[in-house]
Amino acid sequence: MKSLAEIQQMMFKCHVCNSEEFHQALVSEIFQIEGKFYLVEQIPVRVCSRCGEEVFSRETTERIRVMLHSELKPIKSISVDVFAYPPESKAS
Ligand SMILES: [Zn+2]
């Protein structure tokens with residue numbers, strides 16, 4: 001028997017367009033915790049079939065949070081270029 005929480009997790013309703021159709025995908029996402037950025041790859045998400053909105057399950061979000069707060073070593077490190085928006089206008 002499934003708990004109510006499990007059943008709610010199986011149901012999908014896009015909060016952007018209210019579509020109930022989705023497909024599973026793996027994405028990479030950047031998380032910011034206490035001023036540090038973490039890139040997490042291969043995260044399972046539900047992608048809205050209509051508008052493409054990515055929805056993380058509560059369980060997935062919790063797992064990522066625990067993982068990033070643990071002593072787990074990252075598999076690799078990358079450097080990231082940071083830009084400010086809006087771009088500086090080139091007055092010549
Ligand atoms: Zn949608």
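Trainee: Where is His23 found, in which strand?
Mentor: His23 is in strand E1, residues 22-33. Strands (E, at least two residues) and helices (H or I, at least four) are DSSP runs, numbered from the N terminus. This is a predicted model: local features need pLDDT of at least 70, side-chain atom pairs count only at pLDDT 80 or more, and totals for chains, interfaces and linings use all residues. Residues are numbered from 1 along each chain as its sequence is written.

Trainee: His23, buried or exposed?
Mentor: His23 counts as exposed because it has 9 C-beta neighbours inside 10 Å. The cut-offs use other C-beta atoms within 10 Å of a residue's own: buried is 20 or more, exposed is 12 or fewer, and partly exposed is in between, with C-beta atoms placed from the backbone.

Trainee: What is His23 in contact with, leaving aside neighbours within four places in sequence?
Mentor: Val47 and Ser49. Contact means that the C-beta atoms, placed from the backbone, lie within 7 Å.

Trainee: And how far apart are the C-alpha atoms of His23 and Val45?
Mentor: They are separated by 8.4 Å, and the two residues are 22 apart along the chain.

Trainee: Let's do the sheet. What is the strand order?
Mentor: E1-E2-E3, in an open sheet of 3 strands with antiparallel pairing. E1 and strand E3 (54-55) stand at the edges with a single partner strand each, so one side of each has no neighbour in the sheet. Two strands pair if DSSP finds at least two bridges between them.

Trainee: How many bridges join E1 to E2?
Mentor: 11 bridges join E1 to strand E2, residues 36-48, and the two run antiparallel. Ile33 has Lys36 in E2 as its bridge partner.

Trainee: Which helix packs on the sheet?
Mentor: Helix H2, residues 58-69, touching E1 and E2. The direction of H2 makes about 165 degrees with that of E2. Axes are lines fitted to C-alpha atoms, for helices over the stretch in contact, and angles run from 0 to 180 degrees between N-to-C directions.

Trainee: New topic, backbone angles. What is phi of Glu34?
Mentor: Near 50 degrees, a positive value in a residue other than glycine. Glu34 sits in the loop between E1 and E2. Glu34 is exposed, because 6 other C-beta atoms lie within 10 Å.

Trainee: And phi of Asn18?
Mentor: Near 70 degrees, also positive in a residue other than glycine. Asn18 is in the loop between helix H1 (4-10) and E1.

Trainee: Last one. Which peptide bond is cis?
Mentor: The bond from Tyr85 to Pro86, with omega near 5 degrees. Pro86 is in the segment after H2.

Terms used:
Contact = placed C-beta atoms within 7 Å.
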